[in-house]
Amino acid sequence: MGDLEPALSYVDVVRTTERRLLRLGVMLTGNEHTAEDLVQTVLARAHRKWERISSVERPEAYLRTMVVNEFLSWRRLLKNSEVLLAEPIELATHDDLGLRQAQRDATWRLLAKLPRKQRAVLVLRYYEDLPDAEIAELLGVAASTVRSNATRALATLREHLSAEEAS
């Protein structure tokens with residue numbers, strides 16, 4: 001940062017990025033409560049390292065990377081003791097809002113069947129609208145790995161959709 005630019009405050013950056021980070025967390029986890037835990041964990045960790053984070057060119061992008069990395073970490077997988085006991089009951093309605101909600105729920109269920117890295121690639125590509133090169137940098141992999149993960153994820157989703165339509 002230049003000498004004339006004030007250092008970004010942790011509170012200001014959190015205020016401007018928290019909602020976006022929560023939406024990203026929801027897209028990754030498929031669950032609002034888990035997403036809140038994920039983002040809270042990341043923000044607590046970021047607060048401890050804020051002096052270093054505030055000096056990077058784009059602290060918001062750094063926080064996004066932290067959210068994705070925390071989602072992908074095994075510790076996060078092991079800490080999550082939430083157990084789904086039953087599928088939510090879907091009531092058919094003629095209301096467009098109900099149909100959209102049913103479609104959204106079906107999408108969550110399909111995304112939840114993907115391995116974490118494949119799900120992260122799809123969320124970053126289609127929700128965050130990031131190019132493959134930026135996703136590769138964020139995940140610490142080659143761009144070809146991003147493309148192959150996306151290809152495999154989309155093929156898996158197609159298989160699940162075909163199986164559901166056949167039943």
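I began at Asp-129, which is exposed, with a relative accessible area of 63%. Asp-129 sits in the loop between H7 and H8. I looked up its backbone and found a positive phi of about 60°, although Asp-129 is not a glycine. Most residues other than glycine have a negative phi.

**Ground rules**

This is a predicted model, in which local features need pLDDT of at least 70 and side-chain atom pairs count only at pLDDT 80 or more, while totals for chains, interfaces and linings use all residues. Residues are numbered from 1 along each chain as its sequence is written, and side-chain values use heavy atoms, with hydrogens and water left out.

**Overall make-up**

Helices (H or I, at least four residues) and strands (E, at least two) are DSSP runs, numbered from the N terminus. The order from the N terminus is α-α-α-α-α-α-α-α-α. Of the 167 residues in the protein, 34% are buried. I took contact to mean heavy atoms within 4.5 Å. Among contacts with a separation of 6 or more, 66% are between residues 24 or more positions apart.

**H7 and H8**

I went back to the helices on either side of the Asp-129 loop. H7 covers residues 116-127 and H8 covers residues 132-139; they pack at an angle of about 140°, with axes 10 Å apart. Axes are lines fitted to C-alpha atoms, for helices over the stretch in contact, and angles run from 0 to 180 degrees between N-to-C directions. H7 and H8 are therefore oblique to each other; by the scheme I used, angles under 35 degrees are roughly parallel, over 145 roughly antiparallel, 65 to 115 roughly perpendicular, and the rest oblique. H7 passes H8 in a right-handed crossing. A crossing is right-handed if the near helix is turned clockwise from the far one by less than a right angle, and left-handed if anticlockwise.

From H7, the residues in contact are Val-121, Leu-124 and Arg-125; from H8 they are Asp-132, Ile-135, Leu-138 and Leu-139. I sorted these residues by class and got five nonpolar, no polar and two charged. Ala, Val, Leu, Ile, Met, Phe, Trp, Tyr, Cys and Pro count as nonpolar, Asp, Glu, Lys and Arg as charged, and the others, Gly among them, as polar.

**H4 and H8**

H4 (residues 59-72) also packs on H8, at about 65° with axes 10 Å apart. This crossing is right-handed. Arg-64, Thr-65, Val-68, Asn-69 and Leu-72 in H4 meet Glu-134, Leu-138 and Leu-139 in H8. By class I have four nonpolar, two polar and two charged residues here.

I then checked Val-67, placed in H4. Val-67 is buried, with a relative accessible area of 0%. Leaving aside neighbours within four places in sequence, Val-67 is in contact with Leu-21, Leu-24, Leu-28, Leu-38, Val-39 and Val-42. Val-42 is 25 residues from Val-67 along the chain, and their C-alpha atoms are separated by 6.1 Å.

**H1 and H2**

The axes of H1 and H2 come within 8 Å and cross at roughly 140°. H1 passes H2 in a right-handed crossing. Residues making the contact include Tyr-10, Val-14 and Leu-22 of H1 and Glu-32, Val-39 and His-47 of H2. The class count is 11 nonpolar, four polar and three charged.

I looked up Glu-32, in H2 (residues 32-48). Glu-32 is exposed, with a relative accessible area of 53%. Leu-22 is 10 residues from Glu-32 in sequence and 8.0 Å away, C-alpha to C-alpha.

**Aromatic pair**

I searched the whole structure and found one aromatic pair. Tyr-10 and Trp-50 are edge-to-face, 5.4 Å centre to centre with 80° between the planes. Rings of Phe, Tyr and Trp (its six-membered ring) pair if their centres lie within 6.5 Å; planes under 30 degrees apart are stacked, over 60 edge-to-face, and the rest tilted. Tyr-10 is in H1 (residues 10-29) and Trp-50 in H3 (residues 50-53), 40 residues apart. I noted both Tyr-10 and Trp-50 as buried.

**His-160**

My last entry is His-160, in H9 (residues 143-166). At 26% relative accessibility, His-160 counts as partly exposed. Not counting residues up to four places away in sequence, His-160 touches Leu-110 and Lys-113. His-160 and Leu-110 are 50 residues apart in sequence and 7.3 Å apart in space, C-alpha to C-alpha.

Technical notes
Buried < 20%, exposed > 50% of the residue type's maximum accessible area, 1.4 Å probe, protein only.
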